Amino acid sequence: MKFYHGSIVKGLTELTPRTSWYTNVKEPLVYMTTSRQLALHYIWDIERIGVKMPMLHICEDGSLVFKEMFSGALEYFYKGVSGYIYHCDGDYTINPSTGVLTCATSKTAVPVADCEHIEDVYEHIWKYAEQGKFIYERYEDLPQWRIDVIRGHIIRFIKRNDLMNDNCHPGCRFVQEKFPQYWAEAQALHNYDLL
């Protein structure tokens, strides 16, 4: 079966297991997906952004819904970013622990079969929209309940990663820049020992 892995790193011949603070599985794993489109969304410039926070929903037919958590998020994350989609062949098992229904994992290194270069991830994502396989939910069009869900997500992210006590965490600057109102709220809660 064919699997895909998105990365900004060039020239990989194998994917090696890694741990990461942004996944819900804490053991070192290789992450792959059966969805080329999803792999595209994992080409992140982590050095610039400091956090991986794909805001996606995978529909039954494989289409992706990008759910903006702040205005202009798709362009912010992907415009001008180039990278690679690595292709891997094998008998890997979908791992429900990841929370992503097309995600397979491996505890051992995975050989790369081939690779394709993506010049501009943002432009490439929009090609899926032309095919009816990508839906973009803009922040400005969200109902209040969805904005409340975003608020809860960000407050939990701040708490889970102890950002009030760890200003060196890679997500700290991102949250302060993109969610200043939630950062201020978390600071107030933290000051009164409520976070």
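Start by selecting Leu-56 and look across to strand β5: the residue standing opposite is Phe-66. Keep in mind as you go that this is a predicted model.

Now widen the selection to both strands. β4 and β5 (residues 64-67) pair in the antiparallel sense, over 3 bridges.

You now have an open sheet of 3 strands in the order β4-β5-β11, with mixed pairing. Which strands stand at the edges? They are β4 (56-58) and β11 (134-137); each has a single partner strand, so one side of each lacks a neighbour in the sheet. From one strand to the next, the twist averages 20 degrees.

Is Arg-36 buried or exposed? With 18% relative accessibility, Arg-36 counts as buried. Show side chains here: that of Arg-36 makes a polar contact with the side chain of Tyr-128 at 2.7 Å. Beyond its neighbours within four places in sequence, Arg-36 also touches other residues, including Tyr-4, Ile-85, Glu-116 and His-124.

Last stop: the cysteines. How many disulfides does a search of the whole structure find? The count is 0. Select Cys-88 and Cys-115 to see why: the sulfur of Cys-88 has its closest cysteine sulfur in Cys-115, 9.8 Å away and too far for a bond. Cys-88 is buried, at 0% relative accessibility. Then try Cys-172, whose closest cysteine sulfur is in Cys-168, 8.4 Å off, which is again too far for a bond. Cys-172 is buried too, with a relative accessible area of 2%.

Definitions and conventions:
Residues are numbered from 1 along each chain as its sequence is written. This is a predicted model: local features need pLDDT of at least 70, side-chain atom pairs count only at pLDDT 80 or more; totals for chains, interfaces and linings use all residues. Side-chain values use heavy atoms; hydrogens and water are left out. A disulfide is a pair of cysteine sulfur atoms within 2.5 Å. Buried means under 20% relative accessible area, exposed over 50%, partly exposed in between (1.4 Å probe, protein chains only). A polar contact is a pair of N or O atoms within 3.5 Å; within protein, one must be able to donate a hydrogen and the other to accept it, and residues adjacent in sequence count only if both atoms are side-chain atoms. Contact means heavy atoms within 4.5 Å. Two strands pair if DSSP finds at least two bridges between them. Helices (H or I, at least four residues) and strands (E, at least two) are DSSP runs, numbered from the N terminus. Axes are lines fitted to C-alpha atoms, for helices over the stretch in contact, and angles run from 0 to 180 degrees between N-to-C directions.
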